[in-house]
Amino acid sequence: MYVIRQWSTRHAGMLETLYLGLSPALFKLLVLLSQVTGERLDGVITWLEKILKGLLFDCRMCGECVLSSTGMTCPMNCPKQIRNGPCGGVRVDGCCEVKPQMPCVWVAAWEGSQRMRHGQRIEELRFAVDRGRTGTSSWLALARTDPLERKL
Amino acid sequence: MSVADRTARDHESARPADPGDPLPRLPGHVSRGRFERVLRAGHFAVTAEIAPPDSADPVEVAERVQLFDGVVDAVNATDGSGANCHMSSVAVCALLTRMGYSPIFQISCRDRNRIAIQGDILGAAAMGICSILSLSGDDVSVGDHPQAMPVFDLDSISLLETVRVMCNESRFLSGRKLTQAPALFPGSTINPFVPPYPQRVRQLRKKIEAGALFIQTQYCFDLERMRDFMRQVVDQGLAERCYILPGVGPLPSARTARWMRSNVPGVHIPDAVIARLEGSSNQREAGRQFCVEMIHALKELPGVSGVHVMAYRQEKHVAEMVRKSGVLGQRVPWYPQADAVEIAADFHTPDTPDTQPTAAQSI
């Protein structure tokens, strides 16, 4: 849904604040759940992530979520799945060369990042996704990484 | 011939015995290619795009490349440009190195995954290819096979990083070691003529950080926008970190220009340019004249290291346009028959004054 996705980009700053505020407690809960129940709740958590992020960002469940670094805009919605955009085919009106009705994901990402405290993270280089993680939960992956290496 | 023999021979002669062999690697150079040498020597470089044939006949490649003899330093072999099917770019480049030319191997991320791309990079280096251009690629929907599966496993920046890992760390992305790392001069593209304009310079910075040492741009028909872009590039010190070659090309007519503007992704043509063509009695000639003027004007822009000529279906006019622009001065870029021309010139020197530039001044 372009409409909700665009709303999320316009409110990238608020979403970032919400994420940064809630995530420490939520990740503690996830870590705890993960320790107690093992992998038994993975299916439910993955489903929850898919529903929530799908609604807000048209999330494609790449398994390596970068929303907080890309202006709360999911780069996997780019038809070329570019993780370091934009490409050279953006139309004059800022829409996608492949889907003329869709605003370019990376134009939106740059706009969203301007509204965020850590917006400069959009300038970091990102290597292509590990396709083996498609469909898996980024939340669980984060909860299961070493807390010292965890980058929210 | 053993590797040791090859290395020994490379040190003896500036020109390889076999025209298909790369040149000896100079200090500070990352490749053994002629294109990198020309840029690092501070010359204004000219590259041109060759359209790979719809044919299995290598002679067609030879005929197309010979049109550029003596006016270009390197030839870009496109990789299914516009998502249309043609002879593969790696094969065109391999044919070109066998003839002695200096090709730029264009790799698009559209058709191959990281396994195929890394294999092609090794194969390309083994065939004497020294320069590589990383592109995301046009989507399959704009080409002649819209039924095809778009791959886009990597993007152009990830591809640059892949080249860096293979060349500098002598390994595949998986970590598995290479017994011989490729030595490639890596480049990529930038389109300063489409939104989001302020981000195009940042995109250039990202590409440089990912390893790009040269940049070829989309067609430049808007000098003012290019000037604005280059001013930012120079101000941020990026022109010292990579060589920038703006793209140029002749517009055949006002009608085609309009069609290109609305149908070719990423092409920006100002109204004034179209009006100029419409006001001319010979639009093809006017298009070429505009291109000549553009090449000449781009040379004057600070930070510009060369031009990249994309003369689709007008390849036979490239030599004339480059010569008219005067950007090469007295320099004649080396080409496989250049040595023969030089010998012929030596025979004629008693009778004819040496006013023509000869291949002796070439690299």
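Colleague: Which residues are linked with Glu285(B) in a network of salt bridges?
Modeller: Arg288(B), Glu320(B) and Lys324(B) join Glu285(B) in that network. A salt bridge here is a Lys or Arg side-chain nitrogen within 4 Å of an Asp or Glu carboxyl oxygen. Note that this is a predicted model, where local features need pLDDT of at least 70, side-chain atom pairs need 80 or more, and totals for chains, interfaces and linings use all residues. Residues count from 1 along each chain as written, chains are lettered from A and ligands numbered from 1 in written order, and side-chain values use heavy atoms, without hydrogens or water.

Colleague: How many salt bridges over all chains?
Modeller: The structure holds 24.

Colleague: Switching to chain A. What does Arg5(A) meet in a salt bridge?
Modeller: Asp58(A), with N to O at 2.8 Å.

Colleague: Are Arg5(A) and Asp58(A) buried or exposed?
Modeller: Both are buried, meaning under 20% relative accessible area (1.4 Å probe, protein chains only).

Colleague: And Glu49(A), what does its side chain meet?
Modeller: Lys53(A), in a salt bridge of 2.7 Å, N to O. Both residues lie in helix 3 of chain A, 4 residues apart, about one turn. Glu49(A) and Lys53(A) are buried too.

Colleague: Where is Lys80(A), and what does it pair with?
Modeller: Lys80(A) bridges to Glu97(A) at 3.5 Å, N to O. Both are in the loop between helix 3 and helix 4 of chain A, 17 residues apart, and the pair links distant parts of the chain. Lys80(A) and Glu97(A) are buried.

Colleague: Now the interface. How many residues does the contact take from each chain?
Modeller: Chain B gives 28 and chain A gives 29, counting heavy atoms within 4.5 Å as contact.

Colleague: What do chain B and chain A bury between them?
Modeller: About 2,300 Å², with 54% of it on carbon and sulfur atoms. That is accessible area (1.4 Å probe) lost on being put together, summed over both.

Colleague: How many salt bridges between chain B and chain A?
Modeller: The count is 2. One of them joins Arg131(A) to Asp153(B), closest N and O 3.1 Å apart.

Colleague: Which helices of chain B touch chain A?
Modeller: Helix 6 (156–168) and helix 7 (197–209) each supply at least two residues of that side. The largest share, 6 residues, comes from helix 7 of chain B.

Note on methods: Buried < 20%, exposed > 50% of the residue type's maximum accessible area, 1.4 Å probe, protein only. Buried area = accessible area lost by both parts, 1.4 Å probe.
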